[in-house]
Amino acid sequence: MSESTDDFAAMFEASLQARRVEKGQTIEGTIVAIGPDVAFIDVGGKGEATIEVAELKDVDGDLEVAVGDRIQAVVVSTVGGLTLSRRLARGAATERQLEDAFHTGLPVEGKVEKAVKGGYEIRIGHQRGFCPFSQIDTLRTDPSAHEGHVYEFRIIEYKEGGRNLVVSRRALLEEAQRASAAEVRQSIVAGAVLTGRVVSVRDFGAFVDLGGGVQGLLHVSEMGWSRVSDASQIVQPGEEITVKVLRVDEDKQKISLGLKQLTADPWSRVEATYQIGHVRHGRVTRITEFGAFVELEAGIEGLAHASTFAPTGRRDGWSASVTPGMTGTFEILSIDVDKKRIGVALVPEGSARAGGSQPAQTEIVAGARLTGKVERHEKFGVFVFLAPGRTGLIPLSETGVAREADVSKTFPVGADVEVVVLDVEDPPGHRIRLSAKAVLDAHEAEEVREYTERADAPPAEGFGSLADKLRGALGPREK
């Protein structure tokens with residue numbers, strides 16, 4: 001037998017086999033080749049069939065199958081070979097095809113005619129069906145928004161003769177979403193940078209759809225390096241944003257996202273731009289019982305501790321000098337980059353430093369004569385505020401007050417007091433001993449000097465006589 005005769009016999013046999021298959025019949029086969037427009041399906045003893053490649057793609061136009069995959073499809077033509085389809089066209093669906101589609105789960109095309117009580121009237125071929133509102137999509141939309149649209153549906157209820165034909169579009173959407181979600185989850189790993197769409201915004205953050213219905217939480221604390229109090233000021237529902245995956249908890253199916261991680265952490269340049277002793281302009285963001293937080297720049301906050309404010313004599317009186325939202329000049333007292341902490345102190349308005357200049361602080365060294373404010377009393381002495389972060393102690397023996405006297409009346413909290421620095425222990429400023437008595441002694445010595453140098457002062461008459469006259473001169477001051 002010649003080669004041409006063999007070819008003809010094979011074609012004739014394939015034609016006979018094709019005739020044995022009825023139009024509307026559901027068959028299963030293996031994809032053996034995928035061309036530009038059609039794919040070839042091996043359907044076993046029934047020969048080879050074709051199906052349009054467009055029916056093998058998802059909503060994004062990507063192929064859902066590959067060579068070697070098995071698929072189910074419906075025979076839509078036997079002319080010139082078998083032609084398959086994975087869905088029933090709404091204009092060609094017969095009663096037999098609808099029944100097959102119900103049993104096999106094959107999608108059918110239908111047109112939404114109108115909204116009726118409880119759902120929609122659907123036209124599929126010559127049949128009328130019903131789709132409940134809850135089964136038209138996965139979202140709550142305006143009922144009239146679907147009228148006139150052609151969708152794919154799955155038949156979920158069917159009785160002989162086409163009566164009680166109930167369909168669902170949501171089932172197909174969820175099935176496609178699950179397939180897409182499985183693929184999307186493979187790309188969601190810690191450190192991945194992905195594009196998503198904001199689904200909703202809450203007080204604590206925003207939920208972002210990363211594709212296939214897979215959602216992650218962008219917490220408000222991860223939206224910016226600066227403190228964010230209102231998430232809606234950063235993102236809006238429907239907005240497309242790029243985020244970084246921070247954590248993935250497979251057990252709890254939770255995905256944590258970040259937005260600020262896509263920009264440089266401002267703390268990375270603190271060491272190069274901040275120095276102890278310098279002053280910076282800042283804005284008070286909030287007040288707590290232990291101090292005021294100050295934003296020095298976006299993402300950089302410092303703490304003005306309550307102890308850095310001069311005593312006022314009233315409980316929490318320091319808080320009256322700062323209010324949330326106010327701006328001012330603050331001195332840098334300490335920097336801890338590892339813990340992301342900066343200690344600051346408010347610089348009084350009108351001072352040279354408030355203008356942003358950086359003059360050296362008054363040096364607190366032994367022998368220096370300074371003016372401070374009484375901070376508190378202890379049984380062993382009086383603490384004096386000298387400068388932000390610098391407090392010294394006047395021991396009782398250096399107050400110049402008799403033991404039986406009430407020290408708190410002589411040195412009320414918040415009052416100015418002039419002192420002499422006796423000594424400063426290492427580290428610098430850690431312990432500072434002061435004396436108010438030394439100031440009194442100095443005053444008396446100055447008055448003695450002035451008295452003895454007066455032009456009309458009588459000649460020296462001996463120590464006792466001079467001492468008596470000195471006490472007389474100092475008498476009025478001591479009253």
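Q: Which residue in strand 22 does Arg376 stand opposite?
A: Arg376 stands opposite Phe383 in strand 22. Strands are DSSP runs of E with at least two residues and helices are runs of H or I with at least four, both numbered from the N terminus. The model is predicted: local features need pLDDT of at least 70 and side-chain atom pairs pLDDT 80 or more, whereas totals for chains, interfaces and linings use all residues. Residues are numbered from 1 along each chain as its sequence is written, and side-chain values use heavy atoms, leaving out hydrogens and water.

Q: What makes strand 21 and strand 22 a pair?
A: Two strands pair if DSSP finds at least two bridges between them. Five bridges join strand 21 (residues 369–378) to strand 22, and the two run antiparallel; therefore they meet the rule. A hairpin of two residues joins these strands.

Q: How do you know that strand 22 also pairs with strand 23?
A: Strand 22 and strand 23 (residues 390–395) share six bridges in the antiparallel sense, and the rule asks for at least two, so they pair. The bridge partner of Phe383 in strand 23 is Leu393. In the hairpin between these strands, Gly389 takes a positive phi near 80 degrees.

Q: Why is strand 22 called mostly covered?
A: A residue is buried under 20% relative accessible area, exposed over 50% and partly exposed in between (1.4 Å probe, protein chains only). Seven of the seven residues of strand 22 (residues 381–387) are buried. Of the 479 residues of the protein, 35% count as buried.

Q: Are Phe290 and Phe293 buried or partly exposed?
A: Phe290 has a relative accessible area of 36%, so it is partly exposed. Phe293, at 17% relative accessibility, counts as buried.

Q: What makes the charged end of Arg169 count as sitting over the ring of Tyr151?
A: A charge sits over a ring if NZ of Lys or CZ of Arg is within 6 Å of the ring centre and within 35 degrees of the ring normal. The charged end of Arg169 sits over the ring of Tyr151, 3.8 Å from its centre. Likewise, the charged end of Arg280 sits over the ring of Tyr274, 4.1 Å from its centre.

Q: How do you know that the reach of helix 3 is close to that expected?
A: The expected span is 1.5 Å times one less than the number of residues. Helix 3 (residues 170–187) has 18 residues and reaches 26 Å from its first C-alpha to its last, close to the 26 Å expected. Its buried residues include Leu172, Ala181 and Val184.

Q: Which strands do the buried residues of helix 3 pack against?
A: They pack against strand 9 (150–157) and strand 10 (166–168). Contact means heavy atoms within 4.5 Å.
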